[in-house]
Amino acid sequence: MIDLKLDYELRDISANEYSASSALLLKDDDYRSKYERILGGVLAEAKFKPGDWYTNMWPACRIESTNPSVLIVGRATRGQWAARLDRSDFPVDSAIDIAARKKMYWVDSVPSQYIRTAIAIVNELPDSYRNHREEPSLDIIWSDLYKIARTGNPTKREMSIQGSLGTGELLAREVEILKPKLILAFTQIYDRKTRTVSGGWFEDIMGECERTTEAPSAAPLFTTIGGVPCVVGAHPQAGPARNIYIADVLQTLAVGSGGSSSR
């Protein structure tokens with residue numbers, strides 16, 4: 001849980017319209033150094049050049065949310081924002097600052113299946129996973145497995161580069177710093193014929209997951225990150241019907257939390 005006992009410097013950051021989660025991550029030297037290394041490495045190895053569009057994702061919650069409880073993890077950066085590289089000696093620090101300042105306009109203005117499903121699931125969670133029972137969106141911190149891409153989603157090569165540079169360490173550090181009660185990773189592909197998930201994005205980056213039961217149609221996986229329960233399910237864009245998805249996530253969470261091994 002985010003602690004709102006902010007020191008003077010952090011209050012200054014918050015005044016510049018960073019969300020509470022963005023501000024805490026900005027203040028963590030370990031997270032920033034990892035992020036800078038990965039961002040710089042992707043831009044170099046993927047051969048970004050001046051004039052190319054890029055986007056980089058910095059985790060955030062609603063500005064007015066002080067203690068969100070659920071970390072939502074997507075696959076990639078599409079829908080965040082985009083800018084052009086203006087020179088070859090790209091200012092990584094500036095890119096981080098710009099990304100961290102971006103308001104979550106895409107959450108409020110784009111009523112996508114992904115966003116609606118995430119909010120609906122959080123709304124149905126037991127009270128033990130919630131801090132804002134009256135408003136589920138206040139309980140959400142939005143993040144992604146892959147932080148950097150060209151204007152849309154990253155290519156397989158860009159994902160591979162980020163994996164080799166340690167993007168999984170960023171997510172693990174986010175959990176340590178932000179202290180969510182629950183992680184929901186919407187990273188898999190849903191197969192309507194077999195009613196199972198595949199994809200491997202989360203497993204490739206974060207390691208093994210357990211399938212707690214074959215009964216749920218979406219067949220979510222379960223693991224933990226830093227002791228925090230994590231349900232890994234299909235990306236809602238092409239997933240099962242929302243009411244089925246919600247039921248499957250809740251069942252997987254209940255079974256997994258009752259005796260799953262940790263990552």
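This is a predicted model: local features need pLDDT of at least 70, side-chain atom pairs count only at pLDDT 80 or more; totals for chains, interfaces and linings use all residues.
Residues are numbered from 1 along each chain as its sequence is written, and side-chain values use heavy atoms, with hydrogens and water left out.

Back to lysine 47. Its phi is near 60 degrees, positive in a residue other than glycine, and it sits in the loop between α3 (29–45) and β1 (53–56). Helices here are DSSP runs of H or I, at least four residues, and strands are runs of E, at least two, numbered from the N terminus. Lysine 179 also has a positive phi, about 50 degrees, without being a glycine.

Now, salt bridges: a side-chain nitrogen of Lys or Arg within 4 Å of a carboxyl oxygen of Asp or Glu. That rule gives 17 of them. Aspartate 30 meets arginine 173 at 3.5 Å, N to O. That pair links helix α3 to helix α8, 143 residues apart.

Then there's aspartate 52 with arginine 150, closest N and O atoms 3.3 Å apart. Aspartate 52 is in the loop between α3 and β1 and arginine 150 in the loop between β6 (148–149) and α7 (156–165), so the pair ties together parts 98 residues apart in sequence. Aspartate 52 is buried at 14%, and arginine 150 is partly exposed at 26%.

Notes:
Buried means under 20% relative accessible area, exposed over 50%, partly exposed in between (1.4 Å probe, protein chains only).
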